[in-house]
Amino acid sequence: SIRAELADLTGNDQDVAQLRSAASAAVTDLASAADRLTTARRQAAERLSARVSAELAGLAMPQAHFVAEVDHRADPAGLTLPDGSSVAFGESGTDVVRFLLAPHAGASPAPIGDGASGGELSRIMLALEVVLAETSPPSVFIFDEVDAGIGGRTAVEVGRRLARLAQRSQVLVVTHLPQV
């Protein structure tokens, strides 16, 4: 009786082999799914980059280029993708997503937080919100000092974009500019 119970608890070599095979198949499926997810994210990042850049042009940043970058973080002990690279992975996949900005022609894209001024950050955020709200609008937007560092024609364009957002959502704005 004890021998039978011990055999059940320790398993036999065939059970171990089946479990290893199932684990290997699951890792292969995971790598394939991660690769498909990366492809979809990169395609979405290209569309987002183009649309946000177009919005920035209308917000007095005509030479600015917004870049949504999707990349991996190498990890020798990580998940091996179909292309043979080994990358870190977690609950949100294998991708590292960064938002970059080239504020003028000839500038190299850099992380938004590293070089954008307060006024640029406000306009970038507004451009992102306008683009993203077209696919899944939140019920309320709150903007505080979205008019920082702008005036004149740019303020009118900010106001127009806020009006577009207000067609789908409630928009609350703290501002000192009548155009906004």
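**Exercise 1. In which helix is the place of Thr 38? Determine also whether Thr 38 is buried or exposed.**

Solution. The model under study is a predicted one. Step one: Thr 38 has its place in helix H2. Step two: the relative accessibility of Thr 38 is 2%. Buried means under 20% relative accessible area, so Thr 38 counts as buried. Step three: with neighbours within four places in sequence left aside, the contacts of Thr 38 are Val 70, His 72, Thr 94 and Asp 95.

**Exercise 2. Locate Leu 100 and describe its surroundings.**

Solution. Step one: Leu 100 belongs to strand S4, which covers residues 95–102. Step two: because its relative accessibility is 4%, Leu 100 counts as buried. Step three: apart from neighbours within four places in sequence, Leu 100 is in contact with His 65, Phe 66, Val 67 and Glu 69, and also with Pro 109, Ala 110, Pro 111 and Ile 112. Step four: Gly 58 lies 42 residues away from Leu 100 along the chain, and the C-alpha atoms of the two are separated by 18 Å.

**Exercise 3. Identify the residues and elements that build the largest nonpolar core.**

Solution. Step one: this core has 28 residues, and those touching the most other members are Val 52, Leu 56, Phe 66, Leu 101, Ile 124, Leu 126 and Leu 165. Step two: two or more residues each come from helix H2 (13–58), strand S1 (65–72), helix H4 (118–133), strand S6 (140–144) and helix H5 (152–166). Step three: H4 gives the most, namely seven residues. Step four: a separate core of five residues includes Ala 31, Ala 34, Leu 79 and Leu 81. As a general background, nonpolar side chains in soluble globular proteins tend to be buried together.

Leu 126 may be taken as an example. Not counting residues up to four places away in sequence, Leu 126 touches Leu 59, Phe 143, Val 146, Val 158, Arg 161, Leu 162 and Leu 165.

**Exercise 4. Check the length of H4 and state how far H4 is covered.**

Solution. Step one: at 1.5 Å a residue, the 16 residues of H4 should span 22 Å. Step two: the end C-alpha atoms of H4 are 22 Å apart, which agrees. Step three: H4 is mostly covered, since 12 of its 16 residues are buried. Among these are Gly 119, Glu 120, Ser 122 and Arg 123. Step four: the buried residues of H4 pack against H2, S1, S4, helix H3 (112–115), S6 and H5.

**Exercise 5. Classify the packing of H4 against H2 and against H5.**

Solution. Step one: the axes of H2 and H4 are 9 Å apart, and the two helices pack at an angle of about 125°. H2 is therefore oblique to H4. Their crossing is right-handed. Step two: H2 contributes Leu 48, Arg 51, Val 52, Glu 55 and Leu 56 to this contact, while the residues from H4 include Arg 123, Ile 124 and Ala 127.

Step three: the axes of H4 and H5 cross at roughly 30° and come within 10 Å. Angles under 35 degrees count as roughly parallel, so H4 and H5 are roughly parallel to each other. The crossing of H4 and H5 is left-handed. Step four: Arg 123, Leu 126, Glu 129, Val 130 and Ala 133 in H4 meet residues in H5 that include Thr 154, Val 158 and Arg 161.

Note on methods. Residues are numbered from 1 along each chain as its sequence is written. This is a predicted model: local features need pLDDT of at least 70, side-chain atom pairs count only at pLDDT 80 or more; totals for chains, interfaces and linings use all residues. Side-chain values use heavy atoms; hydrogens and water are left out. A nonpolar core is a set of buried Ala, Val, Leu, Ile, Met, Phe, Trp, Tyr and Cys residues joined through side-chain atoms within 4.5 Å. Buried means under 20% relative accessible area, exposed over 50%, partly exposed in between (1.4 Å probe, protein chains only). Helices (H or I, at least four residues) and strands (E, at least two) are DSSP runs, numbered from the N terminus. Contact means heavy atoms within 4.5 Å. Axes are lines fitted to C-alpha atoms, for helices over the stretch in contact, and angles run from 0 to 180 degrees between N-to-C directions. Angles under 35 degrees count as roughly parallel, over 145 as roughly antiparallel, 65 to 115 as roughly perpendicular and the rest as oblique. A crossing is left-handed if the near helix is turned anticlockwise from the far one by less than a right angle, and right-handed if clockwise. The expected span of a helix is 1.5 Å times one less than its number of residues.
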